[in-house]
Amino acid sequence: MECYQPVNMLPPDHFLLQPRQDFLLGVQEGHIDTSTLAAHDFDVDTRTGFMPPDPPLNRLPAQWQLWETALDAAMQAKLQLAVKPGLTVEEKNSSELWREHVRQLPVLPMSELTHSELALRRAHHVLTFIMHFYIYTLPLSSSVFIPEPISVPLVAISSHLQLPPVVTYSDNVLYNWDIIRPRAQSELGLEPPALDNLRSLDLFSGTTDEQEFYLASARIELRGVEALELMRVIMDELFVGDEIAIRRIASYLHKLASIVHDLETILLNVRKGCDPNTFYHSIRPWFRGADSDPARRKWQPIHLSGPSAGQSALIHALDVFLGLDNCNVVEGGVTPDQRTLLRRMQIYMPRHHRNFLRHLSTNPRPVRTFVTQMKPDVELLDAYNSAVQSVREFRDAHIKIVAIYIIGPAARERMELEHAGLEAQKAGKQVLKGTGGTDLVRFLKGVRDKTAEAVIEPTLQ
């Protein structure tokens, strides 16, 4: 069994850091997770962006080990999905024995746990993983009632974190990683993790495919750090607004476009390590939310969506910064349902990241407004449009991945049902939903098209 290890910390006099007490960590020297800092309101690290600069807590302290051992037992037993074809009696019995163990757990006290942001994150991760293991090993004919030893602490912990009590993107990606090799040391502390030096902590299926699916998003987050820095320097130049600033903004926007192209490459590279059929049949079903439940059951007392890449604050930040979230440059503009779905995804983000997006959206001199209100400047306009086009192309790549990993396998599944004569007509009429509960194809194409419409034509100036 792994023991809890205190997280190293940055020097306390570092100019970015104003530490507050975390009862698990105490006062230490070294490298700190900046989310525990009162002055670091948005939990956006200069080295790792929306990911913590150090590996997240990988084990809760002794008071809450019963949760950890329950999750360990589920993963070690390789519990199987109830929807798995040909599920054996032994597999069914193994799942029921584990669920009975979960039902018999005591409701653990949480007063000390609430003093540590790091422990709360780990507890949310562990309890939501247990909950999804519990629900998706249940026979589809069974109603879903989440046992009190899980639901009571999970609801309380989620309230403290201001997160929904369900597996989110932050549980799967942001707070579910460790490093493979020790990192180099610099004068400011340990270097941020390299893109090829990551592994996932916990997995539902235990497959390398699932790990690669999560790590693709983690690598996008880390590569996106430079995009966040470019947003900052562009906003600084916007306040100056002279000819030199305009030339710098244009240069920075072109660089931003190149970084978004790198994000697209990382996204498409998920195909190298994650098999589409394995993902669709053995991975994706584990983290569906209640609104994507295959039997359309109501989860008691929780009814929410599952994790989605749409819960990444990085991509939302690009939208907000470039003015793509509210632009209305063609007749009709952004539909209310698209706006609602995008805003709904923010509910599933860590609260600091929601606050960051809120702060970014209040920028008094938005880059899009600056570009449209300036006297015609071909270089600046071209740079802004290149950044917008890069986001559109990223969304094209996302649609391609969805087609490979969800739409294609779903179509093959329908054909197999038709061939077997099993509820084929009903299956063919079902609207394909994302794990976030969206009408997948319509939503993604709508957002992609909205981004394309944000390109500013020279004739509009």
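Contact here means heavy atoms within 4.5 Å. The structure is a predicted model, in which local features need pLDDT of at least 70 and side-chain atom pairs count only at pLDDT 80 or more, while totals for chains, interfaces and linings use all residues. Residues are numbered from 1 along each chain as its sequence is written, and side-chain values use heavy atoms, with hydrogens and water left out.

The protein chain contains 16 helices and six strands, taken as DSSP runs numbered from the N terminus (helices H or I, at least four residues; strands E, at least two). Of its 461 residues, 55% are buried, where buried means under 20% relative accessible area with a 1.4 Å probe, protein chains only. Among contacts with a separation of 6 or more, 75% join residues 24 or more positions apart.

A nonpolar core is a set of buried Ala, Val, Leu, Ile, Met, Phe, Trp, Tyr and Cys residues joined through side-chain atoms within 4.5 Å. Two such cores are listed here.

| Core | Size | Residues, among them |
|---|---|---|
| Largest nonpolar core | 109 residues | Trp67, Leu113, Leu253, Leu322 |
| Another core, apart from it | 11 residues | Tyr169, Val173, Tyr175, Ala218 |

The four residues named for the largest core have the most contacts inside it. Helix H14 (residues 378-420) gives the most to this core, 15 residues. Not counting residues up to four places away in sequence, Leu253 touches Ile234, Leu322, Val367, Leu380, Ala383, Tyr384, Ser386 and Ala387.

Glu237 lies in helix H7 (residues 225-240). Glu237 counts as buried because its relative accessibility is 12%. Beyond its neighbours within four places in sequence, Glu237 contacts Ala245, Arg248, Ile249 and Tyr252.

Terms used
Buried < 20%, exposed > 50% of the residue type's maximum accessible area, 1.4 Å probe, protein only.
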